[in-house]
Amino acid sequence: MTKRVPVVEKILSANDRVAEENRAVLDRHNIFSLNFMASPGAGKTSLIERTIQGLKAHVDPLRLAVIDGDIATSFDADRAAAAGAAAVQVNTGGECHLDAIMVRNALPQFDLSSVDLLIVENVGNLVCPASFSLGTHRSVLIASIPEGDDKPYKYPGMYRGVDVLVINKIDLLPYVPFRMDFFQQGVEILNQGLLTFPLSCRTGEGIQPWLEWIISQVGEHRR
Amino acid sequence: MHELPITESILEIALRHGKKNNAARISAIHLVIGQLSSFIDESIQFYWGIVAEDTIAQGARLNIRRVQAQMQCTDCLIQFTPSSRNFACPACESVRVKVIAGDEFYLESIEIDK
């Protein structure tokens, strides 16, 4: 006899379960964590360098750890380490995104008791990383002026799922046709009231409010 | 995208619930997929035939219910189906809209034989 059994379970739940475990590990160690997502070349690593430098100079310096996801090479982890963070490179071996299991395997490589902030640099890609939660507390999308102003319309999944938007390379605005109002209208449709930091990693313009946001988030998380 | 790990995840969920209910065989799987979740039915169907082989779900029918995207304008409150090019409200052109349906992606039920 055939019987219908109700299930109602989210697919991808295996990844989500591991993501929850990661979150629990981070919370146990009082670590606030960010997932950086962007297209290749938007400035994820540059923003990490700026962030490390800025937080080192703070009166109450934060101890940073960086997990760098890339298909190959350790260029990005080397840059993060050179800037002064504990860094672990995860080579995804062709996979176009990090998943929760890769992050779980990277976490024990740090001394978690001496980390305040973990930044996970995802693989440069505006599609797949949005579907795989890692267990981080906030997800940050880094857009950049030369990518063009149509990206929210073309990658709605990514723009809908993030908590914070950084618009990098604003120093290039005078040289690139980029309609900020058109871009921001697309963002507003997909993610109303999204917290946004326009900045330039090259000139340093706009970096300060971004650093202050991180410091306040780490402080709130500790409470 | 990533239909293979997705299909494996579907199989894992189905087998777990089949076992819990002492199924001898799983004859059908009912999925709900929203239009805004970017998964391709044909690819899932294709991989299903391969991953379900030699399990109690081999040969199970994959039934996919697609849910159309539905949005609501938070200014004039009408509900509408967005066009692929424009998500703004068709009535008042407001861009303050929210998704109320279309991002579902879950396994709703399975049919089992004991």
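I26(B) stands opposite I112(B), a residue of β6(B). This is a predicted model. The strand β1 of chain B covers residues 25–34, and it is joined to β6(B) by 8 bridges. The two strands run antiparallel.

β6(B) also pairs with a strand of the other chain. Strand β1 of chain A, residues 2–10, is joined to β6(B) by 7 bridges, and this pair runs antiparallel as well. Here E9(A) stands opposite L107(B) of β6(B).

These pairings belong to an open sheet. The sheet has 4 strands, in the order β1(A)-β6(B)-β1(B)-β2(B), and its pairing is mixed. At the edges are β1 of chain A and β2 of chain B, residues 61–67, each of which pairs on one side only. On average, neighbouring strands of the sheet are turned by 20° against each other, with direction ignored. The helix α1(B) packs on this sheet, where it touches β1 of chain A as well as β1 and β6 of chain B. The direction of α1(B) makes about 45° with that of β6(B).

Now take the contact between the chains as a whole. In it, 21 residues of chain A are in contact with 26 residues of chain B. On the side of chain B that touches chain A, α1 (3–20) and β6 (105–113) each supply at least two residues. Which element of chain B gives the most to that side? It is β6(B), with 9 residues. By type, the residues on the side of chain B that touches chain A are 13 nonpolar, 7 polar and 6 charged.

Definitions and conventions: Residues numbered from 1 in each chain as written. Chains lettered and ligands numbered in written order. Predicted model: local features only at pLDDT ≥ 70, side-chain atom pairs only at ≥ 80, totals over all residues. Contact = placed C-beta atoms within 7 Å. Nonpolar A, V, L, I, M, F, W, Y, C, P; charged D, E, K, R; others polar. Pairing = 2+ DSSP bridges. Axes fitted to C-alpha atoms, helices over the stretch in contact; angles between N-to-C directions.
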